[in-house]
Amino acid sequence: MPKESFRIAVPESTLQDLRDRLSHVRWPIDFANNDWAYGTNRNYLERLVKYWRDQYDWRKHEQEINTFSHYKVTIDDIPVHFIHEPGKGPKPIPLILSHGWPWTFWDLHKVIRPLADPAAFGGDANDSFDVVVPSLPGFCFSTPLTKPGINWWRTADLWVLLMREVMGYGQFAAEGGDWGALVTEQLGHKYPQHVIGIYLSLSIPMDFFSGGGLRDSDYGPDEQAALARTKEAAPHIVSHVAVQTRDPQTLAYGMHDSPTALCAWILERRRNWSDCGGDVERRFSKDELLTHIMLYWVTDSFVTSVRYYYEARNQPWTPAHTRTPVVEAPTALGVFPRELLIPPRKWAERYFNLKRWTPMTAGGHFAPSEEPNQLVADIRAFYRSFR
């Protein structure tokens, strides 16, 4: 499975087609929706689309993305794109970082170099990592995915092959959020012999899509704010989970034909799931928002990214063992106060080989983009004991 260097170069014809589509939007009526209660607010979306059409410079961001070293490899007939940033320190720990949806690999770019080269960012060179950041199968440049049945727990199998057989690491560390959290949990569950430890910015039961959940009674008296946040966030995850687990292909026709529809769908989740207080640009600039949306648009990957949900629902997770804890690899949890689901510590101590629990001062669902400094500091601190 040889890896090949890869450079992003979107054809000019793709960009011109995008500009044409952004110039001929058929806008729906929108009223009584200043608070986004009905969904994405048209006034804001119109401004963002106008900026996208007239001012956003993809080539500038493409050039920035290409400052990292990109590779592609085919594993079990599945194309896998990844960034590899070698560590600059005496003994770097191999570390694979896994993203989620509607994330892209680019959500992790703010943490890659501080983890790989801590001394260049005011840290200790002894805390360096060899950083690997793949795109999930069917996401962005891990395309075209034409093989059905690829879900998060099968992705964990791919990551073991990527890290051990392609990259040549005997043992490695792992970190993840959203889908990447489930992938990372599975690595710690099924492959503890290969995993030094796992770090999670989101933690949920691996049987979540087959009915597993958390009990309110597990939340202690001092965790009622966490329970309240989890209940508050629940309505904001219902719509996409419902359609993307059942009818992803139907949804995709609109998203692949209309960049405005794609923007509206992803934008709402960036706003509702981040720690932005209703002002999405408190956390993501227009350019940041649009670069992530572009990465779905120029790779035609929305359809396979949302099929990831279908495959999760229709191929329930099966434990690799019945031992306790479920996740045997040493585990650290970064607890971000505006995350969609904040687990009770009592449950986490049962479910994981929990070694570190860090309440963060700010941040929501997109931790590496929202609070990169807090995340980097805690990852460094956790893995320091394994060096």
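Phe129 is buried, with a relative accessible area of 0%, where buried means under 20% relative accessible area, exposed over 50% and partly exposed in between (1.4 Å probe, protein chains only). Tyr383 likewise counts as buried, at 0% relative accessibility. The model is a predicted one, in which local features need pLDDT of at least 70 and side-chain atom pairs count only at pLDDT 80 or more, while totals for chains, interfaces and linings use all residues. Residues are numbered from 1 along each chain as its sequence is written, and side-chain values use heavy atoms, with hydrogens and water left out.

A search of the whole structure finds 24 aromatic pairs. Rings of Phe, Tyr and Trp (its six-membered ring) pair if their centres lie within 6.5 Å; planes under 30 degrees apart count as stacked, over 60 as edge-to-face and the rest as tilted. A pair of aromatic rings is described by the distance of the centres and the angle of the planes. Trp101 and Tyr309 form an edge-to-face pair, with 5.8 Å from centre to centre and 90° between the planes. This pair links distant parts of the chain: Trp101 is in the loop between strand 4 (93-98) and helix 4 (109-116), Tyr309 is in helix 12 (residues 302-314), and the two are 208 residues apart. Helices (H or I, at least four residues) and strands (E, at least two) are DSSP runs, numbered from the N terminus. Trp101 is buried, with a relative accessible area of 0%, and Tyr309 counts as buried at 3% relative accessibility.

The rings of Phe129 and Tyr383 have their centres 5.7 Å apart and their planes at 80°, so this pair is edge-to-face. Phe129 lies in strand 5 (residues 129-134) and Tyr383 in helix 15 (residues 372-384), so the pair ties together parts that are 254 residues apart in sequence. One aromatic cluster is formed by Trp101, Trp103, Phe139, Trp179, Phe208, Phe209, Trp273, Phe284, Tyr296, Tyr308, Tyr309 and Phe366.

Charged side chains are also found over aromatic rings. A charge sits over a ring if NZ of Lys or CZ of Arg is within 6 Å of the ring centre and within 35 degrees of the ring normal. Lys3 lies over the face of Tyr71, at 4.5 Å from the ring centre. The charged end of Lys72 sits over the ring of Phe6, 5.3 Å from its centre.

His70 is found in strand 2 (residues 70-75) and is buried, with a relative accessible area of 2%. A polar atom of the His70 side chain lies 2.8 Å from the backbone oxygen of Ile65. Leaving aside neighbours within four places in sequence, His70 is in contact (heavy atoms within 4.5 Å) with Glu4, Ser5, Phe6, Ile8, Ile65, His81, Phe82, Ile83 and Phe105.

Glu339 is placed in the loop between strand 8 (327-335) and helix 13 (345-351). Glu339 is buried yet has no salt bridge, and the nearest side chain of opposite charge, Arg229, is 6.6 Å away. In this count Lys and Arg are positive and Asp and Glu negative, while His and the chain ends are not counted. A salt bridge is a side-chain nitrogen of Lys or Arg within 4 Å of a carboxyl oxygen of Asp or Glu. The side chains of Glu339 and His365 are joined by a polar contact of 2.6 Å. A polar contact is a pair of N or O atoms within 3.5 Å; within protein, one must be able to donate a hydrogen and the other to accept it, and residues adjacent in sequence count only if both atoms are side-chain atoms. Apart from neighbours within four places in sequence, Glu339 is in contact with Ser201, Leu202, Arg229, Gly363, Gly364 and His365.

The structure holds 26 salt bridges. One of them joins the side chains of Glu12 and Arg19 (2.9 Å, N to O). Glu12 counts as partly exposed at 44% relative accessibility, as does Arg19 at 30%. Glu62 forms a salt bridge with Arg59, the closest N and O atoms being 2.9 Å apart. Being three residues apart in helix 3 (residues 58-65), Glu62 and Arg59 are separated by about one helical turn. Glu62 counts as buried at 8% relative accessibility, whereas Arg59 counts as partly exposed at 31%. Glu12, Arg19, Arg59 and Glu62 are linked in a network of salt bridges.
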